[in-house]
Amino acid sequence: MGIKLYYTTVTASREVKSQQAEVIRILESKSIQYELIDISVGGDVRDEMRSKAGNPTAVPPQLFNDDQYCGNYEMFSDAVEDDKVTQFLKLA
C-alpha cells in the first residue's frame, strides 16, 4: 500500500474526529487509495506513529507514504488549499 492514515476510533476530541473525517473525505474525493491504521488498538501503534513522525506528542491524523512522513492535519489542509495534495503525499 502507499498512503497510510494514522487515526483513532477512541477520542473525546471533536476537533480530532472532524479532522480525521475531513482527511478521509478529501482522499476519497480524489480517489486516492489509503490504509487506515487505528492507534487506539494499542500503545505500540501510537508509539510507532510518533516515532515515524519524529514527534513524541503527535496526535492523529498523521499521513505517511509507506514509512515516509508526509505530515499532520494542518500540513494536509494547507496542501489542499494550495491544490498540492499529490505532492504533499509524495505521489508525484
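A salt bridge is a side-chain nitrogen of Lys or Arg within 4 Å of a carboxyl oxygen of Asp or Glu. This is a predicted model, in which local features need pLDDT of at least 70, side-chain atom pairs count only at pLDDT 80 or more, and totals for chains, interfaces and linings use all residues. Residues are numbered from 1 along each chain as its sequence is written, and side-chain values use heavy atoms, with hydrogens and water left out.

View 1. Helices (H or I, at least four residues) and strands (E, at least two) are DSSP runs, numbered from the N terminus. From that end, the order of elements is β-α-β-α-β-β-α-α. The radius of gyration is 12 Å, close to the 12 Å that the globule rule gives for 92 residues, so the protein chain is as compact as a globular protein of that length. That radius is taken over C-alpha atoms, and the globule rule is 2.2 Å times the number of residues to the power 0.38. The C-alpha trace spans about 35 × 25 × 20 Å along its principal axes. Of the 92 residues, 39% count as buried. Buried means under 20% relative accessible area, exposed over 50%, and partly exposed in between (1.4 Å probe, protein chains only).

**View 2. A patch of negative charge lies on the surface.** Its members are Glu15, Glu74, Asp78, Glu81, Asp82 and Asp83. Patches are made of residues with over 30% relative accessible area and no salt bridge; like charges are joined within 9 Å, and nonpolar side chains (Val, Leu, Ile, Met, Phe, Trp, Tyr) within 5 Å. Asp and Glu count as negative, Lys and Arg as positive; His and the chain ends are not counted. Each charge is placed at NZ of Lys, CZ of Arg, CG of Asp or CD of Glu. Areas come from the Shrake-Rupley method with a 1.4 Å probe, and for residues only the protein chains shown count as cover. Helix 3 (residues 73–81) gives the most to the patch, with three residues. Glu74 is found in helix 3. At 43% relative accessibility, Glu74 counts as partly exposed.

**View 3. Asp67 and Lys4 form a salt bridge.** The N to O distance is 3.9 Å. Asp67 lies in the loop between strand 3 (62–65) and strand 4 (68–72), and Lys4 in strand 1 (residues 3–7), so the pair ties together parts that are 63 residues apart in sequence. Asp67 is exposed, at 52% relative accessible area. Lys4 is buried, at 16%.

**View 4. Glu48 pairs with Lys52 in helix 2 (residues 43–53).** The closest N and O atoms of this salt bridge are 3.4 Å apart. The two residues are four apart in the helix, about one helical turn. Glu48 is partly exposed, with a relative accessible area of 36%. Lys52 is partly exposed too, at 25%. Salt bridges that share partners join Lys4, Glu48, Lys52 and Asp67 into one network.

**View 5. Asp47 forms a salt bridge with Arg46.** The closest N and O atoms are 3.5 Å apart. Asp47 is partly exposed, at 40% relative accessible area. Arg46 is partly exposed, at 32%. The count for the model comes to four salt bridges.

**View 6. Tyr34 sits in strand 2 (residues 34–38).** Tyr34 is buried, with a relative accessible area of 17%. Tyr34 and Gln68 are 34 residues apart in sequence. In space, the C-alpha to C-alpha distance between Tyr34 and Gln68 is 14 Å.
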